Amino acid sequence: MRLINRRPDGASRLVLVILPFALLLFAYFTGSATRLTENPNDKLLPSAVQMTDAIKRVAFVPDQRTGEYLLWQDSASSLQRLAIGLAISAVVGLCLGIASGVLPLFGAPLSPLLTVLSMVPPLAILPILFIVFGLGELSKVMLIVIGITPVLARDLEQRAREIPVELLIKAQTLGASTWTLILRVVLPQLLPRLLISLRLVLGSAWLFLIAAEAIASTDGLGYRIFLVRRYLAMDMILPYVVWITFLAWLMDWGLKALTRKAFPWYEGARP
């Protein structure tokens, strides 16, 4: 049988899923044990015990200065900023995608503008955002919005252009107005693609959030990582990175499940 036609069964699939993570952990802890044996004060590759102690300090012991549990406070702050940024980006991106992909009069100026905006490195304009919007929450949310909205809009624009012309003609033949056409034909086609596009930009959204929190913030996961880096506290940095990765994966899984549940007919929702 050709390799391209071989598919793993249930047990084999589970092993193949676990294997790369197991190898990664094995390589890390082997290297950590070797370095700590040579130098017990080494901070580059902390042991599992050291990271566990660090997690306990930030997750289950109140901070002496604020009385807050730092990990949960940081997580709540970051997730709130991320959720607001993603929600605004989704709404704006959907509107721009429909306008530029369905309405020629809007598409003529919008499509080139979105192309240019999507090429602007968002981190390069971070200082401008801090100057214009200040150092508060708004600048952090705006970085996410500016960073991912053009990408979402361009993707949805392309999807809108791929809608069969026959559907639009039939709807107009039946007397559908422009608004009816958008709400009853275009929007149902774009909503599942919007959820998939959000999954694709999740990594970028987290990147922009961490960057903004690292530069100007008093809480958040990015703020905490860059605060403890001056002490070379890898025992805290690595668990925070793993926690961020887990939260991002959880959000991705939630969007995937929502797509399957709400739009089972959509090709991109299939496993």
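Mentor: A pocket, on a 1 Å grid over the protein atoms alone, is an open set of points where a 1.4 Å probe fits, with protein on both sides within 12 Å along at least five of seven lines, and lining residues have an atom within 4 Å of a point. Grid points are joined across faces, edges and corners, and a volume is the space filled by probe spheres set on the points. This is a predicted model, in which local features need pLDDT of at least 70 and side-chain atom pairs count only at pLDDT 80 or more, while totals for chains, interfaces and linings use all residues. Residues are numbered from 1 along each chain as its sequence is written, and side-chain values use heavy atoms, with hydrogens and water left out.

Trainee: How much space lies in the largest pocket?

Mentor: With the volume taken as the space filled by probe spheres set on the grid points, the largest pocket holds about 780 Å³.

Trainee: Which element gives the largest share of the lining of the largest pocket?

Mentor: Helices here are DSSP runs (H or I, at least four residues), numbered from the N terminus. Helix H1 (10-38), H2 and H10 each give two or more residues to this lining, and among the 17 lining residues, those closest to the pocket centre are Leu25, Leu238, Val242, Trp243 and Thr245. The largest share, eight residues, comes from H10.

Trainee: Against which helices do the buried residues of H10 pack?

Mentor: Buried means under 20% relative accessible area, exposed over 50% and partly exposed in between (1.4 Å probe, protein chains only). The buried residues of H10 include Tyr240, Ile244 and Leu247. Counting contact as heavy atoms within 4.5 Å, the buried residues of H10 pack against H2, H3, H8 and H9.

Trainee: Is Leu232 buried or exposed?

Mentor: Leu232 lies in the loop between H9 and H10, and has a positive phi of about 55° although it is not a glycine. Its relative accessible area is 56%, so Leu232 is exposed.
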